[in-house]
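Let me put the model up on the screen, and then I'll walk you through a few spots.

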Amino acid sequence: MKIGDVRRAQIITTYGVGALVAFNDKSYMIAGLDHWTVGEPDLMEQRLSRRLRVSGFVLPPAEQEKKDIPVIRFPLWHSCADCNLLEEYRSVLEDIRCKACEGRLVPSRFVVCCPKGHIDDFPYFRWVHAGKDKNDAKHGLYIETRGASASLQGLLVKCICGAARTMHGAFAKNAIGRCSGKRPWIGGDPENCTETARALQRGASNVWFSHVESSLSIPPWSDAVFMVLDRHWTVLKTLTNRDILKNTLSKLPAVLASGFDLDDIVEVALQRQAGESAEYDDRDLKLEEYRALCHGYPQTHQGDEFVCLPVKQLTQFIADLFQRVMLVTRLREVRALRSFTRLVPFAPGATYKDFPPLSQEPRDWLPAIEVNGEGVFFEFDQKRLFHWEGRADVKDRASSINSHYSEMLRQSDVVSNLVVTPRLLLLHTFAHAVINQWSLECGYPAASLRERLYVGDEMAGVLVYTATGDSAGSLGGVIGQASSDRLEPGIREAIARASWCSGDPVCIEAEAQGTNSLNRGACHACVLLPEVSCEVGNVFLDRGMLTGWPEHQNAGFFADFKN
């Protein structure tokens with residue numbers, strides 16, 4: 001039975017496994033991967049597969065494929081809009097009605113969660129009975145709005161045994177007690193959890209945060225010959241004998257129709273098999289992309305999914321700032337849902353030991369989507385950058401954000417190799433400034449543009465690209481901004497806009513802003529972007545790194561160029 005509609009991409013970013021989704025006056029939870037009716041992986045991206053240790057990815061089922069995303073009813077507690085009776089209902093398919101008066105039922109407004117990803121119904125019985133277990137008395141719960149206040153004080157939970165208590169104080173840190181360890185999206189026995197549960201409103205944004213990992217398809221994996229292997233790779237990857245592999249490939253219609261030499265395809269398949277056995281981490285993934293973007297790749301076959309060419313005519317202004325500017329006229333990005341968290345989002349750059357599982361039994365695939373588009377890559381001039389980031393005033397300003405980041409990691413009990421450097425703050429804030437400016441000029445809204453940061457001892461680059469999965473991703477509006485007559489004016493305007501904010505002087509002089517105090521001169525009036533556009537959740541931003549700040553007006557990387 002069809003319950004409602006969401007976009008396929010939202011299953012990765014907004015309504016993934018374990019998330020709550022509301023349709024009309026009903027509430028559901030997306031069920032675990034064990035309940036999905038899918039076949040073999042139908043989406044391949046070798047580098048990301050190695051990173052996440054899976055064989056491939058699966059596009060979320062769609063209605064036109066006569067498949068669907070399974071859900072469970074959650075929360076189970078519902079209240080009657082007419083008589084206020086509180087009861088539990090589990091069936092997904094039934095049009096449930098109040099057992100007492102046949103009135104319309106409303107899902108509970110409250111749930112309880114813990115940082116380890118567990119979630120449960122609000123414990124109304126324990127709450128109204130002050131933690132006492134059921135006794136021989138007759139019980140029945142009701143919840144009503146007293147009307148005296150719109151706060152939690154105005155919500156009264158009553159039991160027919162005579163106990164009554166308002167919801168006031170339910171959101172306090174230790175009000176609920178120990179987490180139940182329940183994982184309703186996959187079922188099974190509860191885990192033994194030592195965390196303290198917290199009450200949340202059912203529709204609160206911190207009930208579910210996605211943990212999405214992504215990669216670009218780059219040569220050789222983006223070459224058309226690799227695409228020929230994708231649709232049969234689950235079988236081909238097991239054929240390590242050259243003769244058997246060649247014989248199998250020679251019988252595949254896709255291989256015969258590809259136009260590639262059979263021996264070349266065999267070599268590519270063996271190369272791909274060897275590559276999948278190597279260990280891989282996020283740094284390797286980003287460094288390979290960075291080198292591909294710097295190197296550039298012209299189109300050699302119609303099916304190539306990565307085409308990157310240099311901007312040949314750079315003005316002196318652009319050449320002084322950037323080592324090279326590249327036009328990525330064709331790119332493909334795969335985004336996979338790795339896990340999720342509750343209460344607080346994943347800390348950018350942090351390493352986690354455990355993730356809430358997406359399935360009861362381990363799966364060899366993850367749900368993912370692919371987007372196709374275009375972009376512009378900026379590689380900063382390393383000599384100029386190295387000289388700038390060595391300034392004492394610049395390092396001192398960046399160190400304050402790094403201190404806040406270290407404190408956040410300590411409180412979250414996670415580890416990270418990330419260090420917040422002037423280079424990171426500069427490149428990230430520059431990307432936001434460019435996206436804000438180009439959204440006014442190229443025809444894309446800011447939410448349709450995305451950044452990809454390449455920051456490290458060997459890397460200093462930013463890719464600004466389209467982030468949509470439809471035709472708006474390849475209309476030429478982004479690469480058009482890198483034409484000889486538009487690139488310099490656009491960058492100059494972006495820098496000029498970043499040099500002031502309607503919140504100044506408060507914004508630029510702030511010692512700390514944003515989530516966990518991980519920003520300085522950055523707010524919604526200047527450089528913050530829609531969440532879907534930012535790679536690290538709108539943190540590690542500071543306009544001062546671009547154009548300076550009141551005490552050091554010439555300390556910004558672009559300070560000499562902002563006029």
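This is a predicted model: local features need pLDDT of at least 70, side-chain atom pairs count only at pLDDT 80 or more; totals for chains, interfaces and linings use all residues.

Residues are numbered from 1 along each chain as its sequence is written, and side-chain values use heavy atoms, with hydrogens and water left out.

Helices and strands here are DSSP runs (H or I of at least four residues for helices, E of at least two for strands), numbered from the N terminus.

Let's start at strand β5, residues 77-80. Buried means under 20% relative accessible area, exposed is over 50%, and partly exposed is in between, with a 1.4 Å probe and protein chains only. In general, side chains in a regular strand alternate between the two faces of the sheet.

Now, who does β5 pair with? Pairing here means that DSSP finds at least two bridges between two strands. One partner is β6, residues 85-88, joined to β5 by three bridges and running antiparallel. His78 sits opposite Glu87 in β6. β5 and β6 make a hairpin with four residues between them, and Asn84 in that turn has a positive phi of about 70°. Another partner is β7, residues 105-107, which pairs with β5 over three bridges, again in the antiparallel sense. Over there, Cys80 has Leu105 as its bridge partner.

The peptide bond joining Phe74 and Pro75 is cis, with omega about 0°.

Next, an open sheet of three strands, in the order β9-β8-β13, with antiparallel pairing. β9 (119-121) and β13 (198-201) are at the edges with a single partner strand each, so one side of each has no neighbour in the sheet. Strand β8, residues 110-113, is joined to β13 by four bridges, and Val111 has Leu200 in β13 as its bridge partner.

Asp381 is in the loop between β18 (365-380) and α11 (382-389). What Asp381 does have is a polar atom of its side chain 3.4 Å from the backbone nitrogen of Lys383. Leaving aside neighbours within four places in sequence, Asp381 is in contact (heavy atoms within 4.5 Å) with Asp320, Leu321, Phe322 and Gln323.

Last stop, toward higher residue numbers. A cis peptide bond joins Asp504 and Pro505, with omega about 5°, and Pro505 is in the loop between α14 (487-498) and α15 (506-509). In the loop between α15 and α16 (544-547) you'll find Ser517, whose phi is near 60°, a positive value in a residue other than glycine. Ser517 counts as partly exposed, at 28% relative accessibility. Asn538 is in the loop between α15 and α16 too, and its phi is positive, about 60°, although it is not a glycine. Asn538 is buried, with a relative accessible area of 12%.

Definitions and conventions
A polar contact is a pair of N or O atoms within 3.5 Å; within protein, one must be able to donate a hydrogen and the other to accept it, and residues adjacent in sequence count only if both atoms are side-chain atoms.
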